[in-house]
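Have the chain open as you read.

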Amino acid sequence: MPNTTNNPNRKTWLDVAADSDFPIQNIPFGVFLTRDDVITIGTRIGNYAIDLGALHQLGYFKGIPLTDDIFLQDTLNDFISDGKKTWRLVRNRIGDIFDENNASLRDNKEHRNTIIFTLNEIEMQLPVQIGDYTDFYSSIEHATNVGTMFRGEDNALMPNWLHMPVGYHGRSSSIIPSGIPIHRPQGQTLPAGAETPVFGPSKRVDFELEMAFITTDANHLGEPIPIEEAEDYIFGIVLFNDWSARDIQKWEYVPLGPFLGKSFASSISPWIVTMDALEPFKVESPKPLKPQLEYLQYTGKKSYNINLEVAIQPENSTETVVARSNFKYMYWNMAQQLTHHTVNGCPVNSGDMMGSGTLSGKTPDSYGSMLELSWAGKNPVKLNDGSERTFINDGDTVTMRGYCTNDNYVRIGFGEVSSKLLPVFQPKKK
């Protein structure tokens with residue numbers, strides 16, 4: 001089935017800025033609360049949110065096999081479960097409806113007023129109910145930097161790292177959409193030189209520049225997904241700030257890995273950009289430094305050229321971009337991650353989320369965490385207002401952005417994921 005929405009020459013009758021992350025070639029999917037306090041599934045073109053529930057009820061998806069309530073839900077899970085053929089049919093139809101030469105909705109004012117919202121009339125929600133969340137550790141630059149800090153340059157990478165995508169099962173209940181503030185976490189830490197831990201606020205709250213992919217129902221218990229089919233089960237990608245409390249994590253993670261240092265909050269961008277939309281930006285993955293086992297070997301381009309940046313904005317001040325990186329730096333690509341995840345027979349469901357791990361490049365200005373940018377606090381990062389950071393301060397807002405572009409195509413972006421760090425939670429006095 002052709003992917004007609006990706007025609008780079010297509011234009012829309014909506015007013016869309018040339019540098020928008022959301023041209024008609026994007027057509028992401030999300031969930032939002034309307035001005036009438038109705039939750040609906042929608043898409044975005046430029047600075048307009050499109051109510052797909054209303055679009056469906058008014059007959060614009062005629063001929064596509066969809067249930068009556070498929071877009072009248074508070075999550076995308078059921079729509080994602082319908083599979084790649086349905087995603088493409090719906091996305092193509094949306095592109096047709098909003099094409100500059102299609103008058104069916106353009107010239108129907110009553111329908112337009114029901115279907116189209118400006119961004120200030122909606123409130124974005126978490127787009128999927130995330131049953132399971134896995135975080136990988138797939139940037140070789142990040143893994144090398146962190147390993148060098150804690151184990152020395154000669155033992156930076158653990159013996160297994162070059163042979164498989166390393167990951168751990170994370171906490172899905174604390175994954176939140178962009179715009180929701182978080183509180184500084186508390187927990188046990190081991191002060192330098194001490195033999196016993198203390199309890200209190202984390203002093204090393206950090207961001208992690210990541211992306212995350214959302215899966216559909218992929219396999220039954222015991223059934224691995226071969227690498228040739230893995231991409232068919234990936235619905236799309238979001239920006240992902242996997243917050244981290246480095247001092248809590250350092251004390252707790254041996255022997256079972258991250259726990260409280262990672263589970264207090266993770267923030268995602270609210271619009272899921274589909275793999276179809278990202279097709280024009282496929283690139284080669286980094287070449288393996290060691291031979292990979294047969295089940296992880298693949299052909300073709302499996303990585304994506306997605307420009308990423310992180311900014312810190314102190315309270316009542318201007319923001320400073322502190323890092324610029326790229327999704328293509330990921331050593332283990334998404335197909336390998338999903339294949340490895342299921343090679344033991346682990347089932348994957350609609351709405352499951354897989355984090356890339358911190359995406360760092362080779363140069364210091366491309367490091368994807370404050371742990372690396374400040375080199376564990378030794379080299380403070382200077383902000384535009386004259387202040388310095390080794391980690392994130394209370395009142396700071398961390399914003400991540402991402403977009404794709406090339407000489408032959410329009411810009412496709414993800415918007416942003418932005419969250420403010422508040423002080424430790426204080427219960428209200430009774």
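Predicted model: local features only at pLDDT ≥ 70, side-chain atom pairs only at ≥ 80, totals over all residues.

Residues are numbered from 1 along each chain as its sequence is written, and side-chain values use heavy atoms, with hydrogens and water left out.

Visitor: How many salt bridges does the structure hold?
Guide: A salt bridge needs a side-chain nitrogen of Lys or Arg within 4 Å of a carboxyl oxygen of Asp or Glu. By that test, the count for the structure is 21.

Visitor: Which residue forms a salt bridge with aspartate 99?
Guide: Aspartate 99 sits in the loop between α3 and α4 (103-106). Its partner lies 89 residues away, in the segment before β1 (30-33); helices (H or I, at least four residues) and strands (E, at least two) are DSSP runs, numbered from the N terminus. The closest N and O atoms are 2.8 Å apart, and the partner is arginine 10.

Visitor: Is arginine 411 buried or partly exposed?
Guide: Buried means under 20% relative accessible area, exposed over 50%, and partly exposed in between, with a 1.4 Å probe and protein chains only. Aspartate 21, which meets arginine 411 in a salt bridge, is buried at 13%. Arginine 411 has 27% relative accessibility, so arginine 411 counts as partly exposed.

Visitor: Which residues are linked with Arg246 in a network of salt bridges?
Guide: Start with arginine 246 and aspartate 206, bridged at 2.8 Å. Arginine 246 lies in helix α7 (residues 246-252) and aspartate 206 in strand β12 (residues 205-206), so the pair ties together parts 40 residues apart in sequence. Both are buried. The network links Arg246 with Asp206, Glu208, Asp242 and Lys262.

Visitor: What distance separates the end C-alpha atoms of helix α3?
Guide: The expected span is 1.5 Å times one less than the number of residues. Helix α3 (residues 84-97) has 14 residues, so it should span 20 Å. The model agrees: the ends are apart by 20 Å.

Visitor: What area do domain 1 and domain 2 bury between them?
Guide: The bounds, from an automatic or database domain assignment, are 29-125 for domain 1 and 133-422 for domain 2. Buried area is the accessible area (1.4 Å probe) that two parts lose on being put together, summed over both. Carbon and sulfur atoms carry 60% of it, and the total is about 1500 Å².
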